[in-house]
Amino acid sequence: MRLAPGLVLLVAVLFVLSLLSGQAPVGAGQSLTALIAGDGTPLAVVMREIRLPRALLAAMIGAVLGLSGAAMQGYLRNPLAEPGLIGVSGASALGAVLAIQTGLSLMFPLALPLAALGMAVLAVLLILALAGPRGASITLILAGIAISALAGALTSLVLNLSPNPFAAADIVFWMMGSLADRSFTHVWLAAPFMAVGALLLASLGRGLDALTLGEDAAEALGIGLSGLRLRLILGTAACVGAATAVAGAIGFVGLVVPHLLRPAVGARPSSLLWASALGGAAMVLAADIAVRELLPARDLKLGVLMALVGAPLFLHLIYKTRKEMA
Amino acid sequence: MSLMTLRDLTVRRGECPVVDHVTLSVGGGECIGLIGPNGAGKTTLLRAALGLLPASGESTLATLPALERARAAAWMPQAREIAWPVTVERLIALGRIPHLPRGARLREQDRAAVEAAIARMGLDSYRARTATQLSGGEQARVLIARALAQETPLLLADEPIAGLDPAHQIATMEVFAALAREGRSVIVSLHDLGLAARHCTRLLMMVRGQLTADGPPGAVLTPQNVDRVFGVSAFYEDTAQGPVFQPMQVTR
């Protein structure tokens, strides 16, 4: 298939461009040499400690968001599903907001992502308890909506009661989602969760293919639906929880990328998994380059740009779908 | 050789038994029609037999591990779901899932099974079409082919011929009858008693969750049974061109 090499090439090119994007006015060759040599010059430190983790995080976050979006759409057999649906991103954001509000995030740098991850775990336990033991998808959607609403309400409550306007501003800016000023600490914190989550989601391919025929037929094809759902929930939660913990809320990737790539893989849910991972990585890398190049002087937030690009793209997709249906 | 045995299989919805102590055994080479009025429990019986519903009593299929069961029996649900716009060929190939080793692509024998299913259902000219864009009847034929590609000794199909044109209804029933002649067995629920009488080797007649008659069509479709179960009178005669059954009038 020619799609795979094309996407890999695209991600590689964008990764290098992301490494070269930034405020220091240095030539491309010089920057990359400094990155590889790591000779202790200020440029090498910038490349290794600032730009490399940022590019890595963009690729990782994009990949897991695309992957979990494709898995969620495949499981629910609905192109409008997205990884935020199970409420983990909302809960994770709530954890981060609490860390900022209580001042915990100022005491030690990992407090914020750890609080976010902790809340994500809590949300997963809650969703497993709410969604019940049998493998039906409708209870999962309902439980996810309930948890999202609750997390959203609690986040608003924290903002509402915040006595400190600076903390409130911090919270609002954090929730917009960004990859600025992230370090390798963030990479190492997110990587294990994302790796486990991605492995869990990648194992769903066959089950998602079978689900093309509906839940009953899939089960009769030997697919254990409750095990499939458990892997989906845990995988998505690990991926999205970790992504939100280090970068804040970045929407639309999990929704738009699978939708864009579906025709390219012949609509097959298992192929869409890896394709969306690559496509998601490319999309977030591109967006993170754009926030630095469009308004270099202002701190344009990644989540804001993503929504600005994602929403019209999504409208276009709806328009196209409508034409196909007519 | 028994492909499936049910002993006192019972499914309750609340207190009310939807399938009530059904006992039967299916051997090789049988084309079995499952008949009964709406709400008689046909779908529930088939799903419980496969272990897709919690049930009391015993079903030899339901006790198998999931993957082994998927190699023993194929299931075509009544809801004809095709979630994604995949090609017909790819959809039919989904039937090979229980046979594929983990992570493997379609092998030679899998392709052969898919080709055989396409040929049996006469879908050769459809193979590159997008399954979701076909008409309802065409989708049904594709889904039957998908179940055939599973190449199981037993096929359970829930109203597979509903919504098909007469030629394809007959052709599909002939496919099932041919499978039976090859030693495989089919249980097909259907409302067209005329087709059931002509093509099935055995009929199971259900009413209010109970298996009320089980035997060759001539023994099951008696005027008394048809009146009692369906509330209709019927014309039934063994003609030179095979049995002809035609419901005539509502008796209640």
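How many cavities of 30 Å³ or more does the structure hold? It holds 2.

Before the details: this is a predicted model, with local features needing pLDDT of at least 70, side-chain atom pairs counted only at pLDDT 80 or more, and totals for chains, interfaces and linings using all residues. Residues are numbered from 1 along each chain as its sequence is written, chains are lettered from A and ligands numbered from 1 in the order in which they are written, and side-chain values use heavy atoms, with hydrogens and water left out.

A cavity here is a set of points, on a 1 Å grid over the protein atoms alone, where a 1.4 Å probe fits but cannot get out; lining residues have an atom within 4 Å of a point. Volume is the space filled by probe spheres set on the points, which are joined across faces, edges and corners.

The largest cavity has about 50 Å³. Its lining includes A:Leu213, A:Ala217, B:Met76 and B:Glu81.

Now the interface. In contact, meaning heavy atoms within 4.5 Å, are 27 residues of chain A and 30 residues of chain B. The two chains bury about 2300 Å², 58% of it on carbon and sulfur atoms; buried area is the accessible area (1.4 Å probe) lost on putting two parts together, summed over both. In chain A, A:Arg206, A:Leu213 and A:Leu221 lose the most area to chain B. A:Leu213 also lines the largest cavity.

The interface has 2 salt bridges, each a side-chain nitrogen of Lys or Arg within 4 Å of a carboxyl oxygen of Asp or Glu. One salt bridge joins A:Arg77 to B:Glu81 at 2.5 Å, N to O.

Definitions and conventions
On a 1 Å grid over the protein atoms alone, a cavity is a set of points where a 1.4 Å probe fits but cannot get out, and a pocket is an open set with protein on both sides within 12 Å along at least five of seven lines; lining residues have an atom within 4 Å of a point.
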